[in-house]
Amino acid sequence: MIEENEATGKVKEIFEEIKQKRNIKSVNNFWKMLANEPETLERTWNSLQQVMKKGALDEMTKELIYIAVSITNSCEYCIKSHSSAAIKKGASKDMLAELNAVVGMANETNKLVESYQVKVDEIYE
């Protein structure tokens, strides 16, 4: 990982932007690791800002979706970091608990549909 005190050039600029836009005192490990590839760091930071900003979906909803996908992909880091972000954006612990239940149920029924090879109903086509 590239620590903040070791960052130079583009990496240092992006680290400062991350801290300023997120109102945090230090950059987290994800960004420090991506800093080994400055172009990847910059592209990911820019893309994340674009996708996660308020649009047709509010920012908290986007965080909840991010958590759901992260649970399905078994990304502990992403689950924890985006759960924290969702709480900062207004999600409650009850909302996160319900999200976990929905993700678990969706994964279970998705696997049943796939294992039984259920044909999609015409009304959903």
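**Charged side chains and their partners**

Modeller: E42 has a relative accessibility of 31%, so E42 counts as partly exposed. This is a predicted model, and the distances below are computed from it.

E42 forms a salt bridge with K10, with the closest N and O atoms 3.1 Å apart. Because E42 lies in helix α3 and K10 in helix α1, the pair ties together parts that are 32 residues apart in sequence. K10 is partly exposed as well, at a relative accessible area of 34%.

A second pair is K32 and E3, whose side chains meet in a salt bridge at 3.1 Å, N to O. This pair also links distant parts of the chain: K32 sits in helix α2 (residues 29-34) and E3 in the segment before α1 (9-22), 29 residues apart. K32 has 11% relative accessibility and therefore counts as buried, the limit being under 20%. E3, at 29%, counts as partly exposed.

The side chains of K80 and E76 meet in a salt bridge at 2.8 Å, N to O. Both residues lie in helix α5 (residues 76-88), 4 residues apart, which is about one turn of the helix. K80 and E76 are both exposed. Elsewhere, salt bridges that share partners join E4, E16 and K19 into one network. The count for the model comes to 7 salt bridges.

K62 is a charged residue without such a partner. K62 belongs to helix α4 (residues 59-72). K62 is buried yet has no salt bridge. What the side chain of K62 does reach is the backbone oxygen of V51, at 2.7 Å. Apart from its neighbours within four places in sequence, K62 is in contact with V51, M52, K53, G55 and L57.

T44 lies in helix α3 (residues 38-52), and at 23% relative accessibility T44 counts as partly exposed. Leaving aside neighbours within four places in sequence, T44 is in contact with F30, W31 and L34. On the surface, L112, V113, Y116 and V118 form a nonpolar patch with about 400 Å² of accessible area together. One of them, V113, is found in helix α6 (residues 93-116) and is partly exposed, with a relative accessible area of 37%.

Technical notes. Residues numbered from 1 in each chain as written. Predicted model: local features only at pLDDT ≥ 70, side-chain atom pairs only at ≥ 80, totals over all residues. Heavy atoms only, no water. Helix = DSSP H or I, 4+ residues; strand = E, 2+ residues; numbered from the N terminus. Buried < 20%, exposed > 50% of the residue type's maximum accessible area, 1.4 Å probe, protein only. Contact = heavy atoms within 4.5 Å. Lys, Arg positive; Asp, Glu negative; His and termini not counted. Salt bridge = Lys/Arg side-chain N within 4 Å of Asp/Glu carboxyl O. Polar contact = N/O pair within 3.5 Å; in protein donor to acceptor, adjacent residues only side chain to side chain. Patch = residues over 30% accessible without salt bridge, like charges linked within 9 Å, V, L, I, M, F, W, Y side chains within 5 Å. Areas by Shrake-Rupley, 256 points an atom, 1.4 Å probe, with all protein chains shown as cover.
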